[in-house]
Amino acid sequence: MSCQLIATEVSFAYERDKCVLNGVEATIQDGSVTGIVGPNGSGKSTFLRILAGLLHPDAGSVHLNDRALRSYSGRERARSIAFLPQSISPAFSLSVFEVVCLGRYPHSSAWGSLSAQDVAVASRALVQTQTDALRHRDFGSLSGGERQRVLLASILAQEPRLLLLDEPTSALDIHHQVEVMALLRHLCRDGYGIALVTHDLNLAARFCDRVVLLGATHCIVADGRPEDVLTGPLLSEAYGSTIRVGQHPFAPAPFVMATLPEGDGS
Amino acid sequence: MRPRMLGAVLLLCASVAMGFASLVIGTENIELGTVVQEWRAGRPVADSPALSVLFNQRLPRTLAALLGGAGLALAGGVFQALLRNPLATPYTLGIASAGAFGAWIAFILSDAGWFVSGVLGIPSVQVFAFLFAGADVLLVYMLAARKEHSSPAVLLLAGVTMGMLANSGIMLTRYLAAPDRLVAMDRWLMGGVDVLGYRPVWTLTLGVAPCALVLLAQAGKLDQFGFSGELAAGRGVNIKWLQILTFSVGSLMTAIIVSVIGPVGFIGLIVPHAVRALTGPRHYLLLALSLVAGGGFLCFCDIIARKILPGETPIGIVTTLIGGPFFLYLLMRRKFTDWDA
């Protein structure tokens, strides 16, 4: 059975009269990677939280498999949708395996003891993210790239269908960025649906099947295939500055560059 | 996993041993043989000095120490997770100071001839201590409450400020009180499990047992919250509800304990840390063993207070005298990497 998360006409404000999202729509489908992009303050992260069920829209609706997301209990929702926030600062240090086992919470018994199945699922998540060798390491001692893969393992241990990731590559160097994105593509081939917020338009262009472009006015500027959305005119409209798009030097994807206000001669 | 379980079992045995020791050791040691003999012979408690001391003095006192210590240690472990802060204790949010302030007001009022008998047979000092501690908790939460969930930092700041206000209240009452009353007031501040009869034990049992069960049941959620509040929310933990529940139940339990045995310090800080060194940061084992170790530790301190130190040394002094150096030793020996905060 396919899994679908549909947001319709979603509006949201943290404070009265300070609109963060205005009639935003998106469909997150299993087996595809959706990038949510847009300028700072356009409401991308808020939109992701609404899709994850952590915030409730003031107007509009979010449906998971034709049922209102709000009608799901927290654990029930978490068995379909996993959410990974941008930054994690643990109060105390756990081993990598313990971190991954935390992901079993939506499936665990009232007293939270781990079953043999929980351990098996957690071990599989470690293998899926190539972090098996780290399982006895202290989570606090990991490098940024390792940390991100372990966190991915911990949300995979939830056995969700959809992964909602807030800037999963923002703290990583260029090599680890591509590595994580390749891992996400791989998971997508395994049937997971992925939505990620990112500032890196070129990563979105190269690794996403669909791109949702939010503008500074908190509305959707465009939604579609990367080559249709990541165009000079649309990006310039969304970001309010001149943005030029060419062809990626060696991948079949658009290549985005911002230009200086007075033009940089390129 | 194995050494952790072994340590847990050893800790349990040590606490049970402390409980038994607390029954027989005292100003007059009780011979277990005599107790069994007289019990078998069916002698009435009133006719047997050994049985009388055991049932009328040692047992209620030991139970009070076990329950009070257990509750304070558990509350400490919960508050450290709730506030995401290794320095947190059950008293961090001002409960002890507010309770003490309430107790002092009760002293002054009873001197003025009011509420001498207390309410429903509960001494007025206890009633006032509880009411003031409860009011402190409510105020702190209302100050820190936000739409989605409360920031631990705001809770902490509000609690510390309320504690300071209560302390200045104590200073004011001290200043206004008759000098000869200061001794009794100070004595209350130092805490004590020298309870009379079983009524305080019942108060403690009814206060600690249900609260402890509720708090233990939150262990898995506290693990999630300690790792990351947002990640936990994504996994279906209702963070706001978790905060309200652990905060109010932990505070209620602490307020009841403080009202009965006084603001006995240090247990809520040191016991969870010492246990964490043994069990690691997962809360199921940590909270359950803090409960056990807290009770055992307060019994141990009580034995020291009445047998080794002169007279009836207030237990609050002993907990710090013993706990302080031990805690410093733990700090020196271990790299405190458990806390990244």
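**Sheet, core and chain contact**

Colleague: Which residue of strand 8 in chain A is the bridge partner of Gly35(A)?

Modeller: Leu196(A) is the partner. Keep in mind that this is a predicted model, where local features need pLDDT of at least 70 and side-chain atom pairs count only at pLDDT 80 or more, while totals for chains, interfaces and linings use all residues. Residues are numbered from 1 along each chain as its sequence is written, chains are lettered from A and ligands numbered from 1 in the order in which they are written, and side-chain values use heavy atoms, leaving out hydrogens and water.

Colleague: What makes strand 3 and strand 8 of chain A a pair?

Modeller: Strands are DSSP runs of E, at least two residues, and helices are runs of H or I, at least four, both numbered from the N terminus. Pairing takes at least two DSSP bridges. Strand 3 (residues 33-37) and strand 8 (residues 193-197) of chain A share four bridges and run parallel, so they pass the test.

Colleague: Why are strand 6 and strand 10 of chain A edge strands?

Modeller: The sheet is open, with six strands in the order 6-7-8-3-9-10 and mixed pairing. Strand 6 (81-84) and strand 10 (220-224) each have a single partner strand, so one side of each lacks a neighbour in the sheet.

Colleague: Why is the set with Leu5(A), Leu164(A) and Phe247(B) called a nonpolar core?

Modeller: The name means buried Ala, Val, Leu, Ile, Met, Phe, Trp, Tyr and Cys residues joined through side-chain atoms within 4.5 Å. Buried is under 20% relative accessible area, exposed over 50%, partly exposed in between (1.4 Å probe, protein chains only). The largest such core has 118 residues, and those three have the most contacts inside it. Helix 11 (residues 239-261) of chain B gives the most, eleven residues. Apart from it lies another core of 55 residues, including Cys101(A) and Leu235(A).

Colleague: How do you know that Glu230(B) and Arg49(A) form a salt bridge?

Modeller: The rule wants a side-chain nitrogen of Lys or Arg within 4 Å of a carboxyl oxygen of Asp or Glu. Here the closest N and O atoms are 2.6 Å apart, so the pair qualifies. The rule finds one salt bridge across the interface of chain A and chain B.

Colleague: What is the area buried between chain A and chain B?

Modeller: About 2,700 Å², 59% of it on carbon and sulfur atoms. That's the accessible area (1.4 Å probe) that two parts lose on being put together, summed over both. Phe92(A), Leu102(A) and Tyr105(A) supply 28% of chain A's share, more than any other three residues.
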